[in-house]
Amino acid sequence: MMRRLLLVLALMLSAVPAFAVNPDEVLADPALEARARALSAELRCMVCQNQSIDDSNAELAKDLRLLVRERISNGDSDEAVLNYIVSRYGEFVLLKPRFSMRTVLLWGAPVLLVLAGGVSLLVFARKRTGRPTGSKLTPEEQAKLSELLEK
């Protein structure tokens, strides 16, 4: 019974996400290491693309983790570290893009296109309802219609 409990406990603990940070990368100062981990969680692995560099085992991710730790150890602020990495790798390296005119256009364009399409449909539908759909009745047709209505 105790073995089963230990086995279940071991299996549950093995499901805890493992981070890719190697022990030789960890900074001695816990405060600096916490900053480095927080920054690493914000940066995209350029190889994996859907993982942060904190979670990735790729060589480039390791190089970026070391670069982040080096910049923090040299006294750079978090914003300075992010700016440095963005200047080298572009905005794509950020998992959460910064608010800028480019991102407003990127996220706002689909909404604007849907709104423009809806307005176009409304304008088209209104113009169409005001127009007659057929031609006028000929005098013979009007006479036949009058006969049918009188009966």
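**Helix pair H2 and H3**

I took the axes of H2 and helix H3 (residues 59–73) and found that they come within 10 Å and cross at roughly 135 degrees. The model is a predicted one. Angles over 145 degrees count as roughly antiparallel and 65 to 115 as roughly perpendicular, so I recorded H2 as oblique to H3. I then looked up the hand of the crossing of H2 and H3, and it is right-handed.

Next I listed the residues in contact. From H2 I noted Leu32, Glu33, Arg35, Ala36, Arg37, Leu39 and Ser40, which meet Arg65, Val68, Arg69 and Ile72 in H3. I sorted the residues of this contact of H2 with H3 into five nonpolar, one polar and five charged.

**Ala38**

I looked up where Ala38 lies and found it in helix H2, which spans residues 30–42. Is Ala38 buried, partly exposed or exposed? Its relative accessible area is 43%.

**Residues 104–125**

I consulted the UniProt record, an unreviewed entry, which places the feature "transmembrane region" at residues 104–125. I compared this with the model: over residues 104–125 the chain is 100% helix and 0% strand. I noted that the end C-alpha atoms of this stretch are 31 Å apart.

Definitions and conventions:
Residues are numbered from 1 along each chain as its sequence is written. This is a predicted model: local features need pLDDT of at least 70, side-chain atom pairs count only at pLDDT 80 or more; totals for chains, interfaces and linings use all residues. Side-chain values use heavy atoms; hydrogens and water are left out. Helices (H or I, at least four residues) and strands (E, at least two) are DSSP runs, numbered from the N terminus. Buried means under 20% relative accessible area, exposed over 50%, partly exposed in between (1.4 Å probe, protein chains only). UniProt positions are given in the numbering used here, feature names are shortened, and annotations may be inferred rather than shown by experiment. Axes are lines fitted to C-alpha atoms, for helices over the stretch in contact, and angles run from 0 to 180 degrees between N-to-C directions. Angles under 35 degrees count as roughly parallel, over 145 as roughly antiparallel, 65 to 115 as roughly perpendicular and the rest as oblique. A crossing is left-handed if the near helix is turned anticlockwise from the far one by less than a right angle, and right-handed if clockwise. Contact means heavy atoms within 4.5 Å. Ala, Val, Leu, Ile, Met, Phe, Trp, Tyr, Cys and Pro count as nonpolar, Asp, Glu, Lys and Arg as charged, and the others, Gly among them, as polar.
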